[in-house]
Amino acid sequence: MLSFEKLEVYQLSREYVRLIYHFSNRFPAKEDYALTSQIRRAAVSVTSNIAEGTSRSSQKDKVHFLEIAYGSLLETVSQLQVAMDVGYIADEDYRIAIEQVEEIKSKLTYLRRSYKLA
């Protein structure tokens, strides 16, 4: 197991990707190259940037990639709001996703701070 795979924030982010894929599988086919693609790429970007960032040797690079992961996470929130606004997901689905986002945000913030202090 690689070091980033042991991080709880990485594991939670993978669960979040699965949730996003589950929700976006219900989007209409006309969204395949629009909202579906965007939200999936943003969710995958969270895990990718955690992996890349934690593998960097400089603290500055680690923080930079974790900030990108954080931004991608918030991007998915915006896209989930659009999906809810147009009726692709229910309010309850959004609430479930936001609970996961809050947990990931908290852990990403803690990890970023730990690198900034090192």
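Is Phe4 buried or exposed? Phe4 is buried, with a relative accessible area of 16%. Buried means under 20% relative accessible area, exposed over 50%, and partly exposed in between, using a 1.4 Å probe and protein chains only.

This is a predicted model, in which local features need pLDDT of at least 70, side-chain atom pairs count only at pLDDT 80 or more, and totals for chains, interfaces and linings use all residues. Residues are numbered from 1 along each chain as its sequence is written, and side-chain values use heavy atoms, leaving out hydrogens and water.

Now look at the rings. Rings of Phe, Tyr and Trp (its six-membered ring) pair if their centres lie within 6.5 Å; planes under 30 degrees apart are stacked, over 60 edge-to-face, and the rest tilted. The count here is 2 aromatic pairs. Phe4 and Tyr10 are edge-to-face, because their centres are 4.8 Å apart and their planes stand at 80°. Tyr10 is buried too, at 13% relative accessibility. Phe27 and Tyr88 form a tilted pair, 5.3 Å centre to centre with 40° between the planes. This pair links distant parts of the chain, 61 residues apart. Phe27 sits in the loop between helix 1 and helix 2, and Tyr88 in the loop between helix 3 and helix 4. Both are buried.

Next, follow helix 3. Helices are DSSP runs (H or I, at least four residues), numbered from the N terminus. Helix 3 covers residues 59-85. Its buried residues include Phe65, Leu66 and Leu73. The buried residues of helix 3 pack against helix 1 (8-24), helix 2 (35-55) and helix 4 (91-117), where contact means heavy atoms within 4.5 Å. Just after helix 3, Gly87 takes a positive phi of about 85°.

How values were computed. Helices (H or I, at least four residues) and strands (E, at least two) are DSSP runs, numbered from the N terminus. The expected span of a helix is 1.5 Å times one less than its number of residues.
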